[in-house]
Amino acid sequence: MRLLVVEDYQPLRESLVQGLREARYAVDEASDGQTALWHARSGEHDIIILDIMLPKLDGLSVLRQLREQRSPSLVLLLTAKDTAQDKITGLEMGADDYLVKPFVFAELLARVKALIRRKYDTKSTILRIADLEVDVSGRCVRRGGKPVDLSGREYALLEYLAHNAGRIVSRTDIWQHVYDFNASPESNVVDVYIGLLRKKIERAGKPRLIHTRRGQGYLLAEMEQR
Amino acid sequence: MIRSLRLRLLVHTSLAAALMLGLLGAALYFFVRHSIEADFNQDLLAKAHAVAATAEQHGQTIIFDYEPDELPQFVTSDHPDYFQAWIDPKVVLRSPSLKQADLPRLPVTGEVVYRDMVLPDGRPGRMVGMSFTTTIEPNAGRNILHAENSRTVILSVATDTIALHRTLENLGWLLVGLCLLAVAASGIVLVWIVGRAVRPLERIARDIDELQENDLSVRLHPPDVPLELQPVVEKLNGLLSRLDAAFSREKAFTADVAHELRTPVTALLTTFEVCRSRPRDEVAYIAAIDKCRGVAHRMQTLVESLLLLARAEAGQLPLKLQSTDAADLLDDCWAMFSPRAEDRRMKLQWQADGPIPIETDPEKLRIILHNLFDNAVSYADEAGSIRIAAELRGNEFRVEVANTGSHVGAEQEKHLFERFWRGDKARAEVGVHCGLGLSLCQRLARLLKGRIEVQTAEHGWFTVRLTLPAGHVEQPAPSITAPVGSVAD
């Protein structure tokens, strides 16, 4: 899951980015409205955490432009103003949620998870594919009732695949939603992680769940063995 | 003292109306009474003349020649009139109604005299006294008196005044009744008139009463405001506007303060929570602590600036003027910022060599300079230039602090002194300034009876000019040390 944090106050932005990265999200950051729009244009962010009071272009203007561009990203507004009118304005302009400063980071995290469930249309916090269970809130994975130990990157990849279960996701999708821009997109990092993930969740005698579609990408689904 | 304006108007106008009506009634009464009495007297005199007309003189004899039915009221009436005639000093004739009684003989000297009296039968009455001269008739008749030539006869005629008194009494009561009616009617009319007159006042009072302290956007718009109340309404509306503006400013300010404090508080909370969420090494903990210290420092600056600003605006900052060397003060203040300026590889143009003796409040001036230097060092571009110039010009002390790399446009100049306004670029890149510095400087400059102006120019030069009165400090003579630290007022 890729997030964009837009906040002009540097200490707060740094801590938000750190906290979200440690929660295994890919995070981009911006300190003003224009940079935020530049980042968001690709539409690859699942959630944009957007402060309202921003230099150059305020948060509500950013939100309006995103909605005009029909950006698929969900927007969580951060606001220091707690009047009902501010909340109403934000929500009516197309924000998906809001949080009033000062907030508790755990609440921000919980709202981010809720927005991700909403985006991928999953009501439950546990995603099930055959006997594979991905507990999104507890961030743990079980196969056939037995826990599977995954690294943060592996988990993020599996959660993304699970949210898109039954759909083919391209390498580029995975790249954009799961990883920070630290490595070159040309590398085969995605294939390497898919390989590691397969080793950990595939069990002998059980059906394969991660399928490769040549030229298209990967698919997490329960399928008839051919 | 009557507190109600309506009641006071009513009582006073009613009293005045009653007094006027009373006076009018009395005047009318006396006028009518005078003419009725004049008529009565005229009638009485006519009776006397009728009696006198019957007198005839035959030689020495005076004869009153009348038949009883010619003057019946003197003869056979139930309520008779009376007359009596004298030829001095003898009574020559009495009316039959008098019988043996006498009427008083009035001292007649040619004029007609009237007198109120009690008639012989006890009724109240009035008497007229007159004199006339008889004419000589050749033949004698009855009632012969012997006289030579013409004789002067004195005649008193009396009649009762019962009808007169009754008429006057009726007139009096009629007028009293009419007056009371008129007073009552005018009272009712006055209640209505006064009510109409004070209605605009009551309407305004009601409008004022309906004003809510939490909604000051309402203005008084009473219809048909009388001219006398126009200034009151205008003044009130003006006052409301000013109050409204002040409260709105205060509200916006409170919201700004809340916003400015909420963001750093959120930063502190988030940093603590993220830091605490898992075990970390010492370096990470120290970094988090340093970050929080920086945030807390910003909050402290904000709170102190706010307090200073609030005190300055409430007039709670005492002014302590003293002789000061401004060049020294500039030097001292700059010392705090020169390391940061060197870090950012800035070029400094120093044009403030002293001594520059002025009389001012050095603590306030220090706060202003601190803010100006801080802004210049923070907002100048990397490796840019800063120019600090100070001079005495006439009675004015002038400091200019300028820096390059400004992104403030001419259209933004007017916002610079607003609380919590920050140039966008500055805000994004520095993030430690709370946006109170310049408004605080402006407030303090005003306190020092000076002014502060900003100027944007080509090539990103941004200049703040502080002008203060130099005070009454004599230029120090070269041989004498300037008095330093002496308190002047």
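This is a predicted model: local features need pLDDT of at least 70, side-chain atom pairs count only at pLDDT 80 or more; totals for chains, interfaces and linings use all residues.

**Entry 1: strand S4 of chain A**

I started with S4(A), residues 74-79, and asked how many of its residues are buried. The count is six of six, so by that cut-off each has 20 or more other C-beta atoms within 10 Å.

Next I looked at the faces. In a regular strand the side chains alternate between the two faces of the sheet. I found A:Leu74, A:Leu76 and A:Leu78 on one side of S4(A), with A:Val75, A:Leu77 and A:Thr79 on the other. Both sides are covered.

**Entry 2: who pairs with S4(A)**

Which way do S3(A) and S4(A) run, parallel or antiparallel? They run parallel, and I noted five bridges between S3(A), residues 47-51, and S4(A). One pair I looked up is A:Ile48, whose bridge partner in S4(A) is A:Val75.

S5(A), residues 97-100, also pairs with S4(A), through four bridges, and these two run parallel as well. Here I picked A:Leu77, which has A:Tyr98 in S5(A) as its bridge partner.

Then I followed the chain between the strands. From S4(A) it goes through helix H4(A), residues 84-92, to S5(A), a right-handed β-α-β crossover.

**Entry 3: a sheet of three strands**

Further along chain A I looked at an open sheet with the order S10-S12-S11 and antiparallel pairing. Why is one side of S10(A) and of S11(A) left without a neighbour in the sheet? S10(A) (168-169) and S11(A) (210-213) stand at the edges, and each has a single partner strand, so one side of each stays without a neighbour.

I checked one of the pairings too: two bridges join S10(A) to S12(A), residues 217-220. A:Ile168 has A:Leu219 in S12(A) as its bridge partner.

**Entry 4: where chain B touches chain A**

I moved on to the contact between the chains, where 22 residues of chain B meet 23 residues of chain A. On the chain B side, the elements giving two or more residues are H3(B) (230-276), H4(B) (282-313) and H7(B) (424-429). H3(B) gives the most, with 13 residues.

Last, I sorted that side of chain B by residue type: eight nonpolar, eight polar and six charged.

Key
Residues are numbered from 1 along each chain as its sequence is written. Chains are lettered from A and ligands numbered from 1 in the order in which they are written. A residue is buried if 20 or more other C-beta atoms lie within 10 Å of its own, exposed if 12 or fewer, and partly exposed in between; C-beta atoms are placed from the backbone. Two strands pair if DSSP finds at least two bridges between them. A crossover is right-handed if, with the strands pointing away from the viewer, the path from the first strand over the helix to the second runs clockwise. Two residues are in contact if their C-beta atoms, placed from the backbone, lie within 7 Å. Ala, Val, Leu, Ile, Met, Phe, Trp, Tyr, Cys and Pro count as nonpolar, Asp, Glu, Lys and Arg as charged, and the others, Gly among them, as polar.
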